[in-house]
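Here is a short report on pockets, a cavity, a helix and some backbone details. Keep the sequence and the 3D view open while you read.

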Amino acid sequence: MKQKLISVSLALALGLSLAACGSKPAPSGAETPAGELGTLSGPVELQFWHSISNQNHLKVLEGLVEEFNETIGAEKGITVVPTFNGSSSELYSSVVGAIKAGSAPDVTLALRPYVADYLQTDYVVNLEPYITDPNVGMTDYEDIFEGLREANSSYAKEGIYSLPIHSYSEVLYYNKTFFAEHGLSVPTTWDELVETCRAIRDITGAPAFGWDNLAGSFMTLLLQNGGRYTDQNGNLYFATEDSDITLKVLQMWQDNVNEGIWRTAGEDQFFSGPFANEMIPMYIGDSVEASYIPDKNPELDWGTAPVPQVSEDTAANLSAGHVIIALNQDGNQDRMYAAYEFIKFMTSHDANLAVATGNTGYLPIRQSVAEDPAYEAYVADGHEYMRAGVEQSDRYFYEPVFTNATTTSSAVKTMMQEVADNGMEPELALANLKQTVGAN
């Protein structure tokens, strides 16, 4: 039942001994801050590593770091030095190397599967004691959307080891002109979507719908049909107790592909291109993709809508994005507290509002930001496509992560491709996956 493989990337990089290979000891005070928080014994300089290269987003990020340094940082004696370290995967490799050398950054952006890997060490700071501290805690912590909060306390270790900072969700993209010309309504359920796809196929003679993220589509449909995917301990429920629902989802995909109304992205990789070129009038993709469509076809009249659901009782919509974490390899209480103050600032209402209204493509992480008049004005002023993502905030779920989550997700994608593209029987595709990931 439980995942048996070890995280391949981390194993290769560190020889399965990450926690022991740094030259400095694990932080003995990472779990519970010592003494009363609020002041530092002296000035602290924090190294903050990130992967933001988009110029709009980079301008916002650097502006926020500068604002922190000039306000809270100046008051408390904290200076943050930001450093770009390539793509998310390149940043991960840099952090792994730095941990190995005993020189990890104080704060870094990450994807949640990478955090699960870092948690194989004792160097990731548990933020929970700081968040709940009566003096310096986050009094507005519950303003963060529930699904995003839960994701950051759902690692194999008990505690809160990350906070959401740059969030996006999947949405349904549709061609407004095509739908209006043919009297079509935007579907809200899967039954409605299938019927709409059939109507579109009768008009165009081609598939009507696709889904960028095959592994994500599997997780979403599994949850919407009452199944379970995995958990932070690597229990692969979809391959064991809930395999009947897995087969139902696989059969659904195969039937719709065989009928000629659904398709996978194939060589296109993403549907934003075929959608912008009006080759397909409807697809599900990440909300951040909205920034690419106008560049590919400025004349296209398009919109977004919430992802269709099976029922309100099992409503689920995949959310993802960057989280922000603190690392500490020497147990220095001042540095851990200073890192927390920076993370608290970067995930605050004002910082999130700056990200969500800065042409970054990312959504609010807080209810108060979603309701802020400044955000409402931004959405109304040519960014209506962002509304659908926030409308689904009560349905958000994050992919569960554990030390081999990436391998499992890759195996799920392969299973989906075999069923949808190659016509493999769902039972055989699931059996092959079990063999790949070692599920009993």
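## The second largest pocket

The second largest pocket has a volume of about 500 Å³. The model is a predicted one. In this pocket, 23 residues form the lining. Nearest its centre lie Gly147, Glu150, Tyr396, Phe397 and Tyr398.

Where does the second largest pocket lie? Its lining takes residues from both domain 1 (44-167 + 321-371) and domain 2 (170-317 + 396-437), so the pocket lies between them. Helix H8 (146-151) and strand E10 (396-397) each supply at least two lining residues. H8 gives the most, with four residues.

## The cavity

Rolling a probe the size of a water molecule over the atoms shows where empty space is left. The count comes to one cavity of 30 Å³ or more. The largest cavity has a volume of about 40 Å³.

Which residues line the largest cavity? They are Ser51, Ser88, Leu91, Tyr92, Leu109, Ala110, Leu111, Tyr114, Tyr118 and His322. Three elements each supply at least two residues of this lining: helix H5 (88-101), strand E3 (107-110) and helix H6 (112-118). H5 has the largest share, three residues. The lining of the cavity holds seven nonpolar residues, three polar and no charged.

## Helix H10

Helix H10 covers residues 190-204, 15 residues in total. From its first C-alpha to its last, H10 reaches 20 Å. That is close to the 21 Å expected at 1.5 Å a residue.

The buried residues of H10 are Trp190, Leu193, Val194, Thr196, Cys197 and Ile200. Seen down the axis of H10, these buried residues fall within an arc of 165 degrees, so they line one face of the helix. What does the face of H10 turned away from its buried side carry? It carries the exposed residues Asp191 and Asp202. Just after H10, Gly205 takes a positive phi of about 75 degrees.

Most residues other than glycine have a negative phi, and most peptide bonds are trans. Two residues here are worth checking against that background.

Glu278 is not a glycine, yet it has a positive phi of about 65 degrees. Glu278 lies in the loop between helix H13 (272-276) and strand E7 (282-286). Is Glu278 buried or exposed? Glu278 is exposed, because its relative accessible area is 53% and the cut-off for exposed is over 50%.

Asn359 is not a glycine either, and its phi is positive at about 55 degrees. Asn359 is found in the loop between helix H16 (349-356) and helix H17 (367-370). With a relative accessible area of 42%, Asn359 is partly exposed.

## Glu45 in strand E1

Glu45 is found in strand E1, residues 44-50. Glu45 is partly exposed, with a relative accessible area of 46%. Partly exposed covers the range between the buried cut-off, under 20%, and the exposed cut-off, over 50%.

How many residues apart in sequence are Glu45 and Ser185? They are 140 residues apart in sequence. In space, Glu45 and Ser185 are 55 Å apart, C-alpha to C-alpha.

Notes:
Residues numbered from 1 in each chain as written. Predicted model: local features only at pLDDT ≥ 70, side-chain atom pairs only at ≥ 80, totals over all residues. Heavy atoms only, no water. 1 Å grid on protein atoms, 1.4 Å probe; cavity = no way out; pocket = protein on both sides within 12 Å on 5 of 7 lines; lining within 4 Å. Points joined across faces, edges and corners; volume = space filled by probe spheres on them. Domains from an automatic or database assignment. Nonpolar A, V, L, I, M, F, W, Y, C, P; charged D, E, K, R; others polar. Expected span 1.5 Å × (residues − 1). Buried < 20%, exposed > 50% of the residue type's maximum accessible area, 1.4 Å probe, protein only. Arc of directions from axis to C-beta.
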